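Biologist: I have a new structure open and would like to learn how to read it. Could you take me through it feature by feature?

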Amino acid sequence: MMGLFSRRQFLAENAMGIGSIALTWLLQQDQGKQPKAIALAKPHNDLLPRRTHFEPKAKAMISLFQHGGPSHMDLTDPKPELTKYSGTDYKEDIHFSFVNEASKKLFGSPFRFKAHGQCGTELSELLPHTAEIVDDICLIRSMHTGANGHEVSIRYFHGGIPGVLGRPTLGSWLVYALGTESQNLPAYMVLTDPGGLPVDGVTNWANGFMPAMFQGTVLRPKEPRILNLEPPPHIRGKFQEQNLAFLQDLNRRHLESHPGESELEARIASYELAARMQTAAAEALDIEKETTATHRMYGLDHPETKEYGTRCLIARRLVERGVRFVQLFHSGQPWDNHSGIVSGLKSICKKTDKPAAALVQDLKQRGMLDSTIVHWGGEIGRLPVTQEHGSPEKAGRDHNGQGFSIWMAGGGFKPGMTFGKTDEFGHRAVENIVTPNDFQATILNQFGLKHDETLYIHSGQEQIITNKRPARVVQEIIA
Amino acid sequence: MSLRKLVFLVAHTAILFWFASCAKSQEPTFELHIRPILRQYCFDCHGATDKKEGNLDLRLVRYMKLGGDSGTAINSEKPIDSLLIQRVISGEMPPGEAHVPAEKVETLKKWIEAGAKTDRPEPEQIGPGVPITAEDRDYWAFRPIARPIVPEVGNKAEDRIRTPIDALLKQAMPLGVSFSADADRETLIRRAFLDLIGLPPSLQDMERWSKSSYENWFGQMIDTLLDSPQYGERWSRHWLDVAGYADSEGQTTADAVRPWAWKYRDYVIRSLNSNKLIDRFIVEQLAGDELAGTRNGDWTAEQIELLTATGFLTMAADGTGAGDNSPEARNKVIADTLKIVSSSLLGVSVGCAQCHDHRYDPISQVDYFALRAVFEPAFDWQQWRVPDARRISLYTNANREQAAAIEQEAQKIAEERAAKQKLYMAEALDKELLKYDEPLKTELRTAYEKPEKERSEEQVMLLKKNPSVNITPGVLYQYLPKAAEELKTFDAKIAETRARKPVEEFIRAMTELPDRVPDTLLFHRGDHQQPKQKVLPADLTIAADEGALPLIPERASNLKTSGRRLAYARWLTSGKHPLVARVLVNRVWLHHFGQAIVPTPSEFGKLGMPPSNPALLDWLADEFTRSGWDLKQLHRTIMKSTAWRQSAVRDEAKSAIDAENAYYWRKSIQRLDAEVIRDRMLVASGTLEPNLFGPPIAIKADDAGQIIVDGQQKRRSLYLQARRSQPVAMLQSFDAPVMDVNCERRPVSTVATQSLILMNGEFAWQQAELLAARAMREAVPLSPEQFPSQPQMPTPLTPEWRYGYGEFDEQSQRVTGFTDLPHWTGTEWQGGDQRPDPTLGWVIANQNGGHTGARFASIRRWTSPSNSRIRIDGSLQHGSPNGDGVRGRVVSDRRGLLGQWKVLNNKAEAKIDEFVVEAGESIDFVADCIANESSDSFTWTTKIAFSVTEGIPQARVRDSVAEFHGPIAADSFAELPSQLHIAWRIAYCRPPTQAEFQLAMAHVAEQLRAIQKDPRGIATGSNITKQVLVNYCHALLNSSEFVYVD
């Protein structure tokens, strides 16, 4: 056998023969029992905790995805010029998705904006609760996907390339690179809406070319929230314990006749984990354990906020128990206000504003916000011009991927700041533009990962989350 | 394979290269060390293209010295000042994000310092692009396949060298490592079955092969398995993985269903079962349409088979017919198809050469487009055909005529119907107009009967004013209900007639448009909007020696098609191609052993791993092509080796040397594929439906959104519909591929969700129940030697309600002489078939009460199943004024008399307040005649309500009426041992050892006791014996032994 020295030497000498990634990886294998680093030549198939490239700020992330394109000029990005010239024709070129209803008539926001908090960030009257946490969030007003379509931009955010399916999603990358801290729960969990799946369906949390273990585990929108978590009623309790004890006896005997087979050991462990999950997951999902005050804080006492609030609260409980990445989705795309934007926005804001703000406040009061990233945002924004429907109350806005807002909180993002600008009408991001690839690079950075060295080898090719598209860590918004 | 195993393989094989290169020179040379760096970082701009950036050409050292616009790239005086080094160190080169890593810069420096040497004199001239060098050609995968000399190693008998495979493996083994003993016969039978047909042996198979006294039983068994139709089902799955088989189109969110893909799946099964030679198999799949020629009358069976084969080229995700028919989408279909072709047959990733020369392997962008040109006439992106436009109808002329004739029939009926309808409409109008007087009546009729467009304004107004006259066929039923009914019968007849048309089936084929051979243009940076020069069809340049690459015609003169794919397929299967045979035998080896000789089966290039045993790989490849590409023969060759037949058991000493079994000194255990796990469960439960072929089995989302099989489908998993967006949850959790492009190799994961699915999922429980039922049916009595000393089974519990007779003893205040009534009439218990019974008299027990006897009381006995508190509510009634009435007593065998009532033509509430009972305590409801038994029919209904209990849910109630029963078999545990035994044999294809049987019995005995104490452990409709058996079967199906094969 080759000694360590000669093997290293061989690797150094033959680096070109097997490729540099293989080299990095093979050298890492020599480093004994330290947690494995993540720049691997060969995909790993486990969720063991892994070493990061540098000290991480964040340990977990909750993403409140707002499908459809929240109208930034009505919510987060006040545009006095737009109000001033409301009703006149916009001079610049616009790309419309709905050409049949296209209009160039500027449409000033019907909602009032006001400065809030110490930082004085202006928000619309539609977001009274977000206004209360404005000193804890970092509002980015210069997001840019360059494409107006929903799917194109959604896939860009999740998978790294506009419009392209079949790639692992952000949560997959994080879980692949970092492993899990929870011995009892899946590392990547998705909370869907009782109304149904979001646009683009299950691909929102797909594992793409990674193994299935890196895909999001969907919590059902109603009880039971995890599948296969409960045995048939007559098997519960001591009967299941007896069955499992017998099963594990069989498995251990089998292992004894195949000593040293790590897969068989892992299989025994996976039954133990499964048994633990049965109780741990039930416990994690049991929001009755929370105080009435907490229930109220998330709006569980009001029909409009109860459902979304419950999911926000569950998200916190999951992160509290070591889940790495939790993402909430809406059914369809409630922020896609092509018509009736005034009533449409009111209703979706009513549903989400309070629970989202409560989540940030709650994490903060529990001392978890520093290590947990909260993300709120959709895939696009909306146009400054009206989408005609004959009457003002029917008016809406068409898609806009040229400029829009999202906000981040916790996990080392600078609190109480706004970043970037759109033009005077809110049409295009013009200053400090942030793309979904920048967003991904920055998030990985907060987890202690270099996005361009967090590699997965697929079909012999190095893959990174951004697919090597231009991406930068947005240092300006990091504390 | 684990990471450690991969590391080991690299280390092991590469060590040879290392020594070789060390011996040659310690200094870096251009060919070995520098050129790969330049290929990776520089050649895109300074070599591959006609115009070199800054006029700097890095392809030859003398060009480097010559330099470009900025001067020489190599400064031999001051190496560190060389522009080549400086530009790289400063990060200026290469432009963009990528940088040359420090250790490579170091290599560059060392090389220049040592004089920028080459191993050989450089060529006088080089052609365009980056030339292929001797080093490139000397790479193991591109060398011609050479049959190695099979070494005479070891002692044939002692080292158990059965075949050349063993000799080649033995030769590579280090000291201290040698083959293990052969696996025992039972293990070999299981292994062979699961390997070749993906199903476990039945009890009869086990019996047959384990007892066969035929010397060559093993060879005979392999032949039998290879001849069975299940062989094709199993091995087609392996090929369908790399072919990227799916029953949906993918690419768009809708993921439209791909209705006829299954015909290709069936073609693969058929081909493998008939042992179609693999060269032919490949040619058919790549160019079946070119072989088939044009249709002359009906498609012949042979033509259909050939066209079906081209389904292989239609496997890539293709959403062009389902909403995204953009040029990007079309070109993606082509790129994906090339990926499927190259990863399944060539084992190299050509994809990166779509945009630029391959960074690691000698595959240029021109090569990529030359390969694309082979397929371009079929995949003409400028005159694109969406999937439906490519499908071929299997209607014969006869079918078509028949269909036309039937349509004529249908038309005839339709005409009859129209005539009838006209009559009825007129009738309805006449009837309606009766309501009107003249002249309005005539005016309305005139208006109505005028064609709509010709009506005058007044007429329109008139009809509007009198809406009920506007009779249309749609509302005819409101006027003449019967007429409408009659018309419906015509509709049904028309539908029936049309249903008689022969079913039109299609195949999903790949063909070329006649008389069109599109040009293939190289796309700059892979962008179809930047087409450059025309590229002619060819294989990869590296695939043959210079000048030896066979010509692929731009347009064949002897065919109606371009002939490109046919020529290409023939070259691939000529036996001279360096990659194809190696790739194929490597895959076959992988499936037999769970580990491949080249661990990266679709990446034989530098990004993959080298072969662990190059000689073995080449021997197999050569043997395979020599045999005429006979796959079944290859299976035999492999399976007859000691390497395949040896035991899977680890040996400590050998493990210490080679823990990962890289040298094949034992057979590695293998986790069964997802499909095999599901299929094996169906076999164990005895419900697998063995029929072959056909449209895919429907799947559906359950109420939780989890994808499951629709209904009670029991066919092999191969036939489940493979929707890209809707993977069947259980299969996916066990690593079945979800096709994006194709699956080059399945990972083997072990995660808790698998355990949860098997532990709690409905499917595993259903199969456990079926296996238990089967064990009950098939159990055979165990012989004493199979069943020597076993753990004590608990005593079965008797039924809670019993019906008997006896007496109440005033002295002891207890019931004495309780005896079950011996005769059941079908509705009542009594003393014998006569009434009154000569001995027992009139004693009767029925649902609501019974009759007392002269000597004996009628006693209804209830035995408490648990320690509890109970309350008794009851009603005792006597309905005759004659006689002296009836006395009722409630008596506990532990506590004595609890209450008594007398009734005579009246009713008493027979209630007992809450009291404590123990498990097994009898509560008797004793009815006697007082003195006179005449007219002593009585009604006595009782409800026993549990309150505080141990193990019984609160408020559970026993009801003497509802639970009244005739004879029932008391729980019997007598059959359990034989049932456990056979279930074990069915699940594991082997009997349990004594110790295992003991373990099983002990577990079952323990669970019986637990359920006796707490009957909540029994499912509704089941009983204790069955339940423990189901639970036990469920554990077997969950166990490692069930999902692994050794």
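This is a predicted model: local features need pLDDT of at least 70, side-chain atom pairs count only at pLDDT 80 or more; totals for chains, interfaces and linings use all residues.

Modeller: Let's start with a term we need: helices and strands here are DSSP runs, numbered from the N terminus, and a strand has at least two residues.

Biologist: Which residues does Lys394(A) contact, leaving aside its neighbours within four places in sequence?

Modeller: Those contacts are Ser339(A), Gly340(A) and His389(A). Ser339(A) sits 55 residues away from Lys394(A) along the chain, yet their C-alpha atoms are separated by 5.3 Å.

Biologist: Okay, on to strands. How do they hold on to each other?

Modeller: Strands of a sheet pair through backbone hydrogen bonds, either parallel or antiparallel. For a case, take strand 2 (residues 113-116) and strand 3 (residues 121-124) of chain A, which run antiparallel and are joined by four bridges.

Biologist: How many residues lie between strand 2 and strand 3 of chain A in their hairpin?

Modeller: Four, and in that turn Gly117(A) has a positive phi of about 65 degrees.

Biologist: What is the strand order in the eight-strand open sheet of chain A?

Modeller: Read across, the order is 6-5-7-1-8-11-4-12, with mixed pairing. Strand 6 (217-219) and strand 12 (417-419) of chain A are the edges, each pairing on one side only. From one strand to the next, the twist averages 20 degrees. Inside that order, strand 4 (residues 137-143) and strand 11 (residues 404-409) of chain A run antiparallel, joined by five bridges. There, Met143(A) stands opposite Phe404(A) of strand 11 of chain A.

Biologist: Which strands does helix 13 of chain A touch?

Modeller: Helix 13 (residues 341-365) of chain A packs on the sheet and touches strand 1 (60-65), strand 4, strand 8 (372-377) and strand 11 of chain A. Its direction makes about 165 degrees with that of strand 8 of chain A.

Biologist: Let's move to chain B. How far can I trust it?

Modeller: Look at the confidence scores. Chain B averages a pLDDT of 87, and 95% of the residues score at least 70. Residues 1-25 of chain B stay under 50, though the model has 42 contacts for them beyond four places in sequence. For the model, ipTM is 0.75 and pTM is 0.71.

Biologist: What does the overall form of chain B look like?

Modeller: The C-alpha trace of chain B spans about 135 × 110 × 60 Å along its principal axes. Its radius of gyration is 42 Å, while a compact globule of 1046 residues would be near 31 Å. You'll find 36 helices and 23 strands in chain B. The domain assignment lists five entries, including domain 2 (235-394 + 509-578) and domain 5 (801-959). Those two domains of chain B have C-alpha centres 84 Å apart.

Biologist: How many residues of helix 16 of chain B are buried?

Modeller: In helix 16 (residues 365-375) of chain B, eleven of eleven. Tyr368(B), Phe369(B) and Leu371(B) are among them. The buried residues pack against helix 15 (327-346), strand 3 (520-523), strand 4 (531-535) and helix 23 (564-572) of chain B.

Biologist: Which strands make up the six-strand open sheet of chain B?

Modeller: The order is 9-8-14-20-16-17, with antiparallel pairing. Strand 9 (814-820) and strand 17 (896-903) of chain B are its edge strands. On average, neighbouring strands are turned by 30 degrees against each other, direction ignored.

Biologist: And what surrounds strand 20 of chain B?

Modeller: Six bridges join strand 14 (residues 857-863) of chain B to strand 20 (residues 922-928) of chain B, and Thr863(B) stands opposite Ser922(B). Six bridges also join strand 16 (residues 886-892) of chain B to strand 20 of chain B, with Arg889(B) opposite Val926(B). Strand 20 of chain B is mostly covered, with six of its seven residues buried.

Conventions
Residues are numbered from 1 along each chain as its sequence is written. Chains are lettered from A and ligands numbered from 1 in the order in which they are written. pLDDT is the predictor's confidence in each residue, from 0 to 100. Two residues are in contact if their C-beta atoms, placed from the backbone, lie within 7 Å. Two strands pair if DSSP finds at least two bridges between them. The radius of gyration is taken over C-alpha atoms; the globule rule is 2.2 Å times the number of residues to the power 0.38. Domain bounds come from an automatic or database domain assignment. Axes are lines fitted to C-alpha atoms, for helices over the stretch in contact, and angles run from 0 to 180 degrees between N-to-C directions. A residue is buried if 20 or more other C-beta atoms lie within 10 Å of its own, exposed if 12 or fewer, and partly exposed in between; C-beta atoms are placed from the backbone.
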